[in-house]
Amino acid sequence: MIQPSLFQSLIELTTEAVFIVRVQAGGKEFVMEYVNPAYLRKFGVTEDSVVGKEFKDMLHVNIVNAIRIRFIECVEKGHSISFEEDFEDQSASLSELFPIKDDDGRITHVVGISKDISELKNKRDQIAASERTLQSIINSSDNVLIYMSKDSNIKYANRKAQQHAIKMFGRPFMIGDKLTDYYSDEEKTLGVEHGRILAEQKATVTHEHMVEYPDGERVWFLRRYYGVFDDSGDLSGIVIASINITNRKEQEMQIQKHLDALKEIAKIQSHEIRRPVANIIGLTDLMDFKQKTVAENEQILQYLRTSALELDQIISRIVDKTQFDGEKETE
């Protein structure tokens with residue numbers, strides 16, 4: 001059997017504040033019966049100032065009611081409770097209260113342990129601040145960002161993604177829903193295929209696509225699939241980043257129109273324009289005001305006029321090709 005003195009030695013040597021409180025009749029008032037040296041050091045008090053004192057006689061008036069409520073809760077529930085406390089010196093503690101019962105099952109004492117968690121709380125606050133900063137950065141992004149499980153269950157969607165969902169589907173993405181349920185069978189099949197490639201090749205998958213919203217607006221997106229892999233290298237989740245590339249796509253399509261027009265112009269110049277030019281050259285050689293009659297020369301002039309009109313039409317077509325669609329719309 002372990003001697004009580006051994007328990008007392010352990011409590012005396014621990015760096016955590018340990019205290020024992022006697023529960024007064026009715027379970028609403030409490031008297032401090034014991035505090036270990038760590039408690040005295042932690043709270044900067046003497047044994048005489050706390051032992052044998054009721055809470056109202058040893059605690060500051062601003063906190064006495066809050067402390068009493070914790071002990072009353074422990075007694076009423078009949079089991080241990082834990083809570084965090086912040087102090088004026090910027091320190092913080094994690095306190096646990098344990099009810100002690102007599103042979104009749106009546107709670108006679110409450111044992112408390114208070115552990116300093118100031119450093120842990122500071123780190124936790126720093127992490128929380130970093131998470132809030134990261135959240136703000138993600139939400140301020142113009143990119144649609146969605147994180148989902150490998151089974152397509154949505155785990156996170158940033159503000160831009162929710163705006164996209166509301167505009168596209170009339171409602172936001174719901175956490176836990178399958179992303180594939182929001183899209184057509186064709187898009188669903190493509191998404192599953194991209195997920196398969198990502199899992200097998202463990203490399204980013206890129207896809208360009210055009211979205212037409214119900215209001216008629218068309219937007220081009222560059223969609224990238226990023227894999228989230230566990231320690232075993234297995235795919236556990238997917239991050240989808242969709243970048244609006246409408247301006248770039250429109251510029252590319254405009255450039256392609258220009259190239260197509262230039263190719264058509266080159267074709268006209270190299271083939272069609274030669275025919276009327278050759279006709280005009282040949283007809284001018286045929287004209288002879290000395291040897292031919294007036295009627296013959298007039299006939300040649302008529303042919304020249306026809307070839308000249310044909311050349312004019314071809315030149316007009318070339319001019320039209322240089323007036324690209326974008327410029328026409330501006331006019």
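**Figure 1. Hairpin of β8 and β9 in the predicted model.** In this predicted model, strands β8 and β9 form a hairpin with five residues between them. Glycine 216, which lies in the turn, has a positive phi of about 95°. The two strands run antiparallel and are joined by eight bridges. Within this pairing, arginine 218 of β9 stands opposite glutamate 212.

**Figure 2. Hairpin of β9 and β10.** A hairpin is also formed by β9 and β10, with five residues between the strands. In its turn, glycine 233 has a positive phi of about 85°. Nine bridges link β9 to β10 in an antiparallel arrangement. Valine 228 has glycine 237 in β10 as its bridge partner.

**Figure 3. The sheet that contains β6 to β10.** Five strands make up an open sheet in the order β7-β6-β10-β9-β8, and their pairing is antiparallel. The edge strands, β7 (154-157) and β8 (205-212), each pair on one side only. From one strand to the next, the twist averages 20°. Strand β6 (residues 144-149) pairs with strand β10 (residues 235-244) in the antiparallel sense over six bridges. Methionine 148 has isoleucine 238 in β10 as its bridge partner. Helix α8 (residues 185-201) lies across β8, β9 (218-229) and β10, and runs at about 35° to β9.

**Figure 4. Salt bridge between aspartate 215 and lysine 167.** The side chains of these two residues meet in a salt bridge with an N to O distance of 3.9 Å. Aspartate 215 is in the loop between β8 and β9, whereas lysine 167 belongs to helix α7 (residues 159-169), so the pair ties together parts that are 48 residues apart in sequence. Aspartate 215 is exposed, because its relative accessible area is 55%, and lysine 167, at 35% relative accessibility, counts as partly exposed. In a further group, Glu208, Arg248, Lys249 and Glu252 are joined into one network by salt bridges that share partners. The count of salt bridges comes to 22.

Figure 5. Ile255, Leu259 and Leu262 form a nonpolar patch on the surface. Together these residues have about 280 Å² of accessible area. Isoleucine 255 is found in helix α9, which comprises residues 246-272.

**Figure 6. The sheet that contains β1 to β5.** A five-stranded open sheet has the order β2-β1-β5-β4-β3, with antiparallel pairing. Strands β2 (30-35) and β3 (81-86) stand at the edges; each has a single partner strand, so one side of each is left without a neighbour in the sheet. Neighbouring strands are turned against each other by 25° on average, direction ignored. Strand β1 (residues 17-23) runs antiparallel to β2 and is joined to β2 by five bridges. Here arginine 22 stands opposite valine 31 of β2.

**Figure 7. Helices α5 and α6 on the β1 to β5 sheet.** Helix α5 (residues 64-77) lies across β1, β2, β3, β4 (92-101) and β5 (107-116), and runs at about 170° to β3. Helix α6 packs on the sheet and touches β3, β4 and β5, its direction making about 80° with that of β3.

Figure 8. Serine 118 is placed in helix α6, which comprises residues 118-140. This serine counts as buried because its relative accessibility is 13%, and buried means under 20%. Apart from residues up to four places away in sequence, serine 118 touches Ser91 and Ala92.

Figure 9. Side chains of opposite charge can pair when their charged atoms come close. In helix α6, lysine 123 and glutamate 119 are four residues apart and therefore separated by about one helical turn. Their side chains meet in a salt bridge of 3.5 Å, N to O. Glutamate 119 counts as exposed at 57% relative accessibility, whereas lysine 123, at 45%, counts as partly exposed. A salt bridge of 3.4 Å, N to O, also joins the side chains of arginine 106 and aspartate 102. Arginine 106 is exposed, with 51% relative accessibility, and aspartate 102 is partly exposed, with a relative accessible area of 25%.

Note on methods: Residues are numbered from 1 along each chain as its sequence is written. This is a predicted model: local features need pLDDT of at least 70, side-chain atom pairs count only at pLDDT 80 or more; totals for chains, interfaces and linings use all residues. Side-chain values use heavy atoms; hydrogens and water are left out. Two strands pair if DSSP finds at least two bridges between them. Axes are lines fitted to C-alpha atoms, for helices over the stretch in contact, and angles run from 0 to 180 degrees between N-to-C directions. Contact means heavy atoms within 4.5 Å. Patches are made of residues with over 30% relative accessible area and no salt bridge: like charges are joined within 9 Å, nonpolar side chains (Val, Leu, Ile, Met, Phe, Trp, Tyr) within 5 Å. Accessible areas come from the Shrake-Rupley method with a 1.4 Å probe; for residues, only the protein chains shown count as cover. A salt bridge is a side-chain nitrogen of Lys or Arg within 4 Å of a carboxyl oxygen of Asp or Glu. Buried means under 20% relative accessible area, exposed over 50%, partly exposed in between (1.4 Å probe, protein chains only).
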